[in-house]
Amino acid sequence: MTVDVLAALPRLAQRLGGEGATLAAAERLSGGASMETWAFAVEAYGARRELILRRRSAPFDPEASRSTSLAAEAALIAAVRAKGAPAPPLVHLCDEADGLGEAHVTARVSGETLGRRIVSDPRFEAVRPKLARQCGEILAQIHATPPPPEAHLKSADFLGELARYEEVYRTSGAERPVLELAFQHLKKHAPEPAPLTLLHGDFRNGNLMIDPEIGVAAVLDWELSHIGDPAEDLGWICVNSWRFGRPDRPVGGFGDYADLLAGYEAAGGTPVALSRVRAWQALGSLKWGVMCLMMYQSWVGGAEASVERPMIGRRVSETEVDLVYLLEVGL
């Protein structure tokens with residue numbers, strides 16, 4: 001069913017702001033194959049609220065997908081905020097009366113999400129040195145959050161993720177020597193299982209709202225949350241592809257491992273060895289490399305016409321550079 005979001009937003013504005021509330025502004029920020037994000041404002045009684053609507057625009061099967069439902073996202077946001085983690089405040093979980101399908105509304109948090117700007121723009125010079133430690137502190141808060149039962153989160157472990165992505169890689173028919181080496185090496189050097197916790201699942205530069213005065217203002221995009229090894233989140237933000245041209249700063253292109261892990265422990269996280277983080281970082285680079293390959297193949301096979309697919313597909317080479325380095329220095 002096609003939804004006219006602009007037609008539905010005035011009704012939602014009245015529901016959120018009460019009788020007499022009006023829709024003051026509305027703008028679509030992004031929209032992928034299955035998810036849309038809209039910024040809108042509600043004015044009522046002389047006050048203005050800046051809000052974000054996140055809605056699913058395509059059919060969704062929670063059993064087959066790795067993503068969570070938006071109702072699960074809403075539950076996760078409420079749960080982690082109760083532990084002090086900076087997620088955007090949940091305002092409303094949409095229902096049938098809103099006419100928007102599966103959707104939720106959060107308060108709009110000001111700041112910057114573009115990774116390249118965060119690592120290079122002079123506006124962020126003052127906060128950049130403390131971002132890695134803040135990320136460690138926030139991950140400790142997330143990992144200490146009891147998973148909300150209503151979210152029905154899936155679980156993942158190192159060898160299971162490795163096997164899942166190897167299956168995708170083998171099915172693709174691709175032959176990449178560095179990826180082949182990485183699969184075999186990681187099978188032999190998988191870290192021992194750890195107690196499982198709630199994970200964000202996509203904690204990286206690009207999913208963080210950074211304020212030039214306070215640093216990390218909010219953690220965004222909770223759709224890949226699951227239960228797993230805490231080192232998975234710690235390793236994912238260290239993947240070279242999220243450093244945006246600053247390979248010398250392994251944590252998000254803005255900080256060092258030591259600050260990330262110090263912040264994690266200071267906020268109550270169980271100490272995690274750097275070798276464990278680097279093992280998950282290597283798996284993260286390998287996973288992203290396979291994803292890049294699949295994006296390219298979806299374009300070359302005609303399934304996707306967007307030029308974005310081959311542009312991302314060529315980034316498999318940077319994951320291979322990262323893997324060569326990690327395998328050479330040791331995990």
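This is a predicted model: local features need pLDDT of at least 70, side-chain atom pairs count only at pLDDT 80 or more; totals for chains, interfaces and linings use all residues.
Helix axes are lines fitted to C-alpha atoms over the stretch in contact, and the angles between N-to-C directions run from 0 to 180 degrees. Two packed helices are described by the angle between their axes and the distance between the axes.

Helix α6 spans residues 177–188, and helix α11 spans residues 316–329. The two pack at an angle of about 45°, with their axes 10 Å apart. Angles under 35 degrees count as roughly parallel, and the roughly perpendicular range is 65 to 115. The pair α6 and α11 is therefore oblique. Their crossing is left-handed. On the α6 side, the contact uses V178, L179, L181, A182 and H185. On the α11 side, V316, E320, L323, V324 and L327 take part. By class, the residues of this contact are eight nonpolar, one polar and one charged.

Helix α6 also packs against α5. The axes of α5 and α6 come within 11 Å and cross at roughly 155°. Angles over 145 degrees count as roughly antiparallel, and α5 is therefore roughly antiparallel to α6. The crossing of α5 and α6 is left-handed. From α5, the contact draws on F158, L159, L162, Y165, E166, Y169 and R170. From α6, it draws on L179, E180, F183, Q184, L186 and K187. Eight of the residues in the contact of α5 with α6 are nonpolar, one is polar and four are charged. L179 of α6 meets α11, and L179 also belongs to the contact with α5.

Two of the α5 residues in that contact, E166 and R170, are joined by a salt bridge. Their closest N and O atoms are 2.9 Å apart. Both residues lie in helix α5, which covers residues 158–172. They are four residues apart, so about one helical turn separates them. R170 is partly exposed, at 38% relative accessibility. E166 is buried, with a relative accessible area of 12%.

The whole structure contains 25 salt bridges. One of them links R28 to E36, with the closest N and O atoms 3.8 Å apart. The cut-off for a salt bridge is 4 Å. R28 is partly exposed, with a relative accessible area of 42%. E36 is buried, at 10% relative accessibility. Another salt bridge pairs D248 with R246, and here the closest N and O atoms are 2.6 Å apart. D248 is partly exposed at 47% relative accessibility. R246 is also partly exposed, at 25%. Elsewhere, salt bridges that share partners connect R54, E73, D221 and E223 into one network.

D221 has a further feature in its backbone. Its phi is positive, about 55°, although D221 is not a glycine. D221 sits in the loop between β8 (215–219) and β9 (226–228). At 30% relative accessibility, D221 is partly exposed. H152 likewise has a positive phi, of about 50°, and is not a glycine. The loop that holds H152 runs between α4 (128–143) and α5. H152 is exposed, at 67% relative accessibility.

Strand β1 covers residues 22–31 and contains L23. L23 is partly exposed, with 27% relative accessibility. Leaving aside neighbours within four places in sequence, L23 is in contact with L9, P10, A13, F40 and A41. L23 and D61 are 38 residues apart along the chain, and their C-alpha atoms are separated by 32 Å.

G46 lies in the loop between β2 (35–44) and β3 (47–56). G46 is exposed, with a relative accessible area of 88%. In sequence, G46 and G253 are 207 residues apart. In space, they are 42 Å apart, C-alpha to C-alpha.

Methods. Residues are numbered from 1 along each chain as its sequence is written. Side-chain values use heavy atoms; hydrogens and water are left out. A salt bridge is a side-chain nitrogen of Lys or Arg within 4 Å of a carboxyl oxygen of Asp or Glu. Buried means under 20% relative accessible area, exposed over 50%, partly exposed in between (1.4 Å probe, protein chains only). A crossing is left-handed if the near helix is turned anticlockwise from the far one by less than a right angle, and right-handed if clockwise. Contact means heavy atoms within 4.5 Å. Ala, Val, Leu, Ile, Met, Phe, Trp, Tyr, Cys and Pro count as nonpolar, Asp, Glu, Lys and Arg as charged, and the others, Gly among them, as polar.
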